[in-house]
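Let's walk through this structure together, one contact at a time. Keep the viewer open as you read.

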Amino acid sequence: MSLQNECKRCGTCCENGGPALHGSDMTLIENCLISIESLIAIRKGELAHDPVTDSLKPVKKEFLKIAGKKGTWECLFYEKVLNGCTIYENRPLACSVLKCWDTEETLKLAGRDLLSRLDIIKADDPMRKHIKKHEMLFPVPDLMGLSSPSSKMVKKLEKICNREIDHRMKIVNKLELTVAKELFYFGRPIFELLHPLGFRVMGAGKGIKLDFL
């Protein structure tokens, strides 16, 4: 039986998540081939899959990736019916080197020359100050240290989550940002980062309530 040496167009890679963007992908953004609405910020401290260790680890440095769709991480540009990419001719670097049967190039690229929000946003764009203030006020908490939080810690996180929601929604409403732009400028709300760790998020009239299962 011969070894695989080409893509079988099964779609598995694309269904597992969109790629991170690297320095050479800047031209795709500058030429409007990829818009900020199709990107999501993965902030420092978030848990993400590390291809080198094949495990979830806190992100050491912010990066941008193609957003998912329909509540999943399936790449926004993946067309399931055709098992193909709708921007194939202008796909990001990570996609062009991806070979599921030979991960050498992908592993070499992992974590290198990653693009961040401030790499893309122009120096005179007022959104820069909003991003910096949000990062200062609401950094991603130590997620690895929340495997068995005390009730006091749960309440503390609940307050942080509600303050963050209030802060970002004031900006969203004032500037009339779409959900897509909100996720680019501010990343996912902290409460969404807690859910996979065993936290239950419940809505309430004056904010959310947190519980640890």
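Are Glu164 and Arg168 buried or exposed? Glu164 is buried, and Arg168 is buried too, where buried means under 20% relative accessible area, exposed over 50% and partly exposed in between, with a 1.4 Å probe and protein chains only. This is a predicted model, in which local features need pLDDT of at least 70 and side-chain atom pairs count only at pLDDT 80 or more, while totals for chains, interfaces and linings use all residues. Residues are numbered from 1 along each chain as its sequence is written, and side-chain values use heavy atoms, leaving out hydrogens and water.

The side chains of Glu164 and Arg168 form a salt bridge (2.8 Å, N to O), that is, a side-chain nitrogen of Lys or Arg within 4 Å of a carboxyl oxygen of Asp or Glu. Both residues sit in helix H7 (residues 151–175), four residues apart, about one turn of the helix. Helices (H or I, at least four residues) and strands (E, at least two) are DSSP runs, numbered from the N terminus.

Glu15 pairs with Lys80, with their closest N and O atoms 2.4 Å apart. Glu15 lies in helix H1 and Lys80 in the loop between strands E5 and E6, so this pair ties together parts 65 residues apart in sequence. Glu46 and Arg188 also meet in a salt bridge (2.9 Å, N to O), linking parts of the chain 142 residues apart. Both Glu46 and Arg188 are buried.

Now look at strand E4 (residues 63–66), which is covered on both faces: Phe63 and Lys65 are buried on one side, Leu64 and Ile66 on the other.
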